[in-house]
Amino acid sequence: MHHAEFVQVCESYINEVVNTIKIPAFLLFGLLVWQPLHSQVLVNDNFNDGNRTNGGVGQLDWYAVKAATTITMQSDNTTGPDEGVNDGTLQITPTGMFIGMLVGNFGSTTLSVGQSFVLSLDFRYITAPSTGSVFRFGLYNSNGSVTSADNNTSSGNDFGYRVQVASNAPPSFVDESGAAPDVTSGSDSTAITGGTLSNMPALGTSSHRAVLTLTRADVNTMTFGLSLNGSNLVSSGAYTDTSGAFFTFDEIAFGAGNSTNTYRIDNVNLEVIPEPSTYALLGLGLGALWILRRKKTTLQ
Ligand SMILES: [Ca+2]
Ligand SMILES: [Ca+2]
Ligand SMILES: [Ca+2]
Ligand SMILES: [Ca+2]
């Protein structure tokens with residue numbers, strides 16, 4: 001269950017309990033507060049400080065993989081929600097196909113069984129992408145060589161997972177082994193199969209919010225979820241990687257496969273969500289509701 005869904009469920013039964021049994025709302029509100037405290041925010045970069053390599057709490061140092069890619073800071077209140085007059089946004093301009101790659105590293109983090117990485121971001125193209133253009137992003141492991149400068153080959157061996165999206169086509173999840181450069185591309189890419197993904201809308205030049213969820217379902221299995229603009233794109237079945245799945249990551253990467261279109265990104269957020277405690281808490285809450293209902297029945 002996603003965090004947003006969990007909150008929605010909590011809200012609905014809090015309303016029900018508060019309205020029918022008159023229990024103090026703060027007691028149940030505690031349930032809502034407790035869970036977010038146990039999710040861990042690894043990255044929260046809105047670029048509003050106007051600098052892509054100054055680090056800081058939650059921010060990453062972002063580097064272009066290729067010299068032929070220009071990265072600039074823009075003031076842009078139409079990529080994602082308007083955050084005010086200095087709504088910094090990162091702009092990536094590739095000058096050739098499979099050039100527009102960007103990486104940012106965070107502290108190495110391993111998923112325990114049941115935990116999920118939730119990577120969310122806003123993106124848009126400056127000119128509508130041509131047919132076949134794909135926008136790529138994902139979570140990677142720097143494989144012993146962290147990228148700390150532009151135009152650096154250290155990301156060539158990175159392995160991990162990416163999703164790629166294109167106008168009027170289903171997106172895809174991809175496993176990248178790190179055997180062939182570059183990050184977000186190369187012959188080391190293998191599509192992950194399993195379920196059914198809905199077609200994307202035309203990406204055009206409007207802003208889109210993407211949320212990629214990677215969940216460690218068990219010791220050997222990673223499962224995948226993707227939503228765009230609030231709609232779940234995995235329309236049926238499940239996408240899973242059970243063969244040599246990756247669980248340790250320290251890098252967010254972007255790429256523009258088969259495209260020279262300039263794109264912008266903003267509000268890059270990465271959290272670790274503790275799935276088991278979410279379910280435990282939900283069970284606790286539902287249990288409390290059951291007890292309160294019994295109590296009410298007894299009183300009547
Ligand atoms: Ca911003
Ligand atoms: Ca910054
Ligand atoms: Ca590397
Ligand atoms: Ca690669």
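Analyst: Happy to! Let's start with a sheet: seven strands form an open sheet in the order 2-5-17-7-8-9-10, with antiparallel pairing. Keep in mind that this is a predicted model.

User: Which strands stand at the edges of that sheet?

Analyst: Strand 2 (62-64) and strand 10 are at the edges. Each has a single partner strand, so one side of each has no neighbour in the sheet.

User: And what does the twist average from one strand to the next?

Analyst: The twist averages 30 degrees between one strand and the next.

User: What holds strands of a sheet together in general?

Analyst: Strands of a sheet pair through backbone hydrogen bonds, and the pairing can be parallel or antiparallel.

User: OK, back to strand 2. How many bridges does it have with strand 5?

Analyst: Three bridges pair strand 2 with strand 5 (residues 102-110), in the antiparallel sense. If you'd like a spot to look at, find Tyr63, which sits opposite Val103 in strand 5.

User: Found them, thanks! Now strand 7: is it mostly buried or exposed?

Analyst: Buried. Seven of the eight residues of strand 7 are buried, so the rest of the structure largely encloses this strand.

User: Which strands does it pair with?

Analyst: One partner is strand 17 (residues 248-257), which pairs with strand 7 in the antiparallel sense over seven bridges. Strand 8 is also a partner: seven bridges join strand 7 to strand 8, and these two run antiparallel.

User: Let's zoom out. How many helices and strands does the chain have?

Analyst: The chain has three helices and 18 strands. It has 300 residues, and 38% of them count as buried.

User: What share of the contacts join residues at least 24 apart?

Analyst: If you take contacts between residues at least 6 apart in sequence, 72% of them join residues at least 24 apart.

User: Now the inside. Which residues touch the most other members of the largest nonpolar core?

Analyst: Those are Leu102, Phe117, Leu119, Leu139 and Ala253, in a core of 56 residues. The strand that gives the most to this core is strand 6 (residues 115-125), with six residues.

User: Why would nonpolar residues gather like that?

Analyst: As a general pattern, nonpolar side chains tend to be buried together in soluble globular proteins.

User: What is Leu119 in contact with?

Analyst: Leaving out neighbours within four places in sequence, Leu119 is in contact with Leu139, Leu212, Ile252 and Leu270.

User: Where does Ser177 lie?

Analyst: Ser177 is also in the loop between strand 9 and strand 10. Not counting residues up to four places away in sequence, Ser177 touches Phe159 and Asp188. Between Ser177 and Thr190 the C-alpha distance is 8.3 Å, with 13 residues separating them in sequence.

User: How many C-beta neighbours does Ser177 have inside 10 Å?

Analyst: Ser177 has 17, so it counts as partly exposed.

User: What about Asn143, what's its phi?

Analyst: Asn143 has a positive phi of about 60 degrees, although it is not a glycine. Its place is the loop between strand 7 (134-141) and strand 8 (159-165). With 18 C-beta neighbours inside 10 Å, Asn143 counts as partly exposed.

User: Last one: is Asn168 buried or exposed?

Analyst: Asn168 is exposed, because 10 other C-beta atoms lie within 10 Å, and the cut-off for exposed is 12 or fewer. This residue lies in the loop between strand 8 and strand 9.

Notes. Residues numbered from 1 in each chain as written. Chains lettered and ligands numbered in written order. Predicted model: local features only at pLDDT ≥ 70, side-chain atom pairs only at ≥ 80, totals over all residues. Helix = DSSP H or I, 4+ residues; strand = E, 2+ residues; numbered from the N terminus. Buried ≥ 20, exposed ≤ 12 C-beta atoms within 10 Å, placed from the backbone. Contact = placed C-beta atoms within 7 Å. Core = buried A, V, L, I, M, F, W, Y, C linked by C-beta atoms within 7 Å. Pairing = 2+ DSSP bridges. Axes fitted to C-alpha atoms, helices over the stretch in contact; angles between N-to-C directions.
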